[in-house]
Amino acid sequence: MKHTDRRPLSLAALALSALLLAGCGDGGGGAGEGAATDPAGTSAPAQDTATPDGSASPDGSASPDGSASPDGSASPDDDATDDGTAGPSGSASPSGSAGSDATGGGDAAVVSSAVAAAEDAVGGDARAFELGREDSPASWQVAVTADDREHELYVSQDGTDVISQEEEGALDGDDRDRLARVRVPLEDGVRTALGTVNGTLDEVQLETEDGTTVWEVEIEEPNGNSVDVFVDVENGSVLKIDR
């Protein structure tokens, strides 16, 4: 009897153990279901991308609107400012270009060329002593002396080509006396005058002013006023200015 009673008890214990084990298995699954996951079931690492408003991203890259990045690198629009001045790249601004030949300095260079062309055309000991701007046709009228003879020439407006040339006869006695005092040639007198008064050259003549032989240089200022500058032919100084 005692042996028969133990067997049913052992079977009951085994059944209870099986139920307990099954319960433990369910609990493990519940704990696993309680772990945090993202909707896709994968972890989502943070992305260092630019923000929608164009500000610098966390990795320091430039923002879409070209603003400077946090690491101090230049933005795409750093080459020039809106007003045309030089930007950080050092490019020249539109307003920084050199002045045109319409200035007095340009006139001085053209006059030098016109005088040289006229004197070369006459040859010998030719010296220019009078020059004027002509409008029709646009040219320079140049009076040149050589061997006590006077020559009248027309030179192109750019000072390079002689358009016409004609001998006028014997040189006037007063002009001969003035030329004997000239140490500063006509083209240098013009350069001095244009360096003193800003404007456009109209004409230059060899004259006597207050007992001094001078180059009388007539200049038209930008406001339309006519100014006479008297340059000493012996030392190149400005004797006076008449407005």
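## A charge over a ring

A charge sits over a ring if NZ of Lys or CZ of Arg is within 6 Å of the ring centre and within 35 degrees of the ring normal. In this predicted model, Lys 240 meets that description: Lys 240 lies over the face of Phe 230, at 5.4 Å from the ring centre. Pairing between aromatic rings is a separate matter, and the count of aromatic pairs comes to zero.

## Overall architecture

The protein chain contains four helices and eight strands. Along the sequence these elements follow the pattern α-α-β-β-β-β-α-α-β-β-β-β.

Of the 243 residues in the protein chain, 28% are buried. Among contacts between residues at least 6 apart in sequence, 37% join residues at least 24 apart. Several of the residues described below take part in contacts beyond their sequence neighbours, including Ser 156 and Arg 178.

## The largest pocket

The largest pocket has a volume of about 170 Å³. Its lining comprises 14 residues, and those nearest the centre of the pocket are Glu 130, Leu 131, Gly 132, Gln 141 and Glu 203.

Four strands each supply at least two residues of this lining: strand E1 (127–135), strand E2 (138–146), E3 and strand E5 (200–209). The greatest share comes from E1, which gives five residues.

## Ser 156 in strand E3

Strand E3 spans residues 149–156, and Ser 156 belongs to this strand. Ser 156 has a relative accessible area of 12% and therefore counts as buried, the limit for that class being under 20%.

The side chain of Ser 156 reaches the backbone nitrogen of Thr 160 at 3.3 Å. Apart from residues up to four places away in sequence, Ser 156 touches Ser 139, Trp 140, Asp 161 and Ile 163.

Most residues other than glycine have a negative phi, and most peptide bonds are trans.

Arg 178 is located in helix H3, which covers residues 173–179. The relative accessible area of Arg 178 is 16%, so this residue is classed as buried. With neighbours within four places in sequence set aside, the contacts of Arg 178 are Leu 206, Glu 207, Thr 208 and Thr 213.

Val 182 lies in the loop between H3 and H4 and is buried, with a relative accessible area of 11%. Beyond its neighbours within four places in sequence, Val 182 is in contact with Arg 127, Leu 206, Trp 215 and Val 233. Val 182 and Asp 232 are 50 residues apart in sequence, while their C-alpha atoms are 8.7 Å apart in space.

## Glu 187 in helix H4

Helix H4 runs over residues 186–196 and includes Glu 187. Is Glu 187 buried or exposed? Glu 187 counts as buried, because its relative accessibility is 19% and the class requires a value under 20%.

Leaving out residues up to four places away in sequence, Glu 187 touches Val 111, Ser 112 and Val 115. Glu 187 and Ser 113 are separated by 74 residues in sequence, and the distance between them is 9.0 Å, C-alpha to C-alpha.

Methods. Residues numbered from 1 in each chain as written. Predicted model: local features only at pLDDT ≥ 70, side-chain atom pairs only at ≥ 80, totals over all residues. Heavy atoms only, no water. Buried < 20%, exposed > 50% of the residue type's maximum accessible area, 1.4 Å probe, protein only. Polar contact = N/O pair within 3.5 Å; in protein donor to acceptor, adjacent residues only side chain to side chain. Contact = heavy atoms within 4.5 Å. Phe/Tyr/Trp six-rings, centres within 6.5 Å; stacked < 30°, edge-to-face > 60°. 1 Å grid on protein atoms, 1.4 Å probe; cavity = no way out; pocket = protein on both sides within 12 Å on 5 of 7 lines; lining within 4 Å. Points joined across faces, edges and corners; volume = space filled by probe spheres on them.
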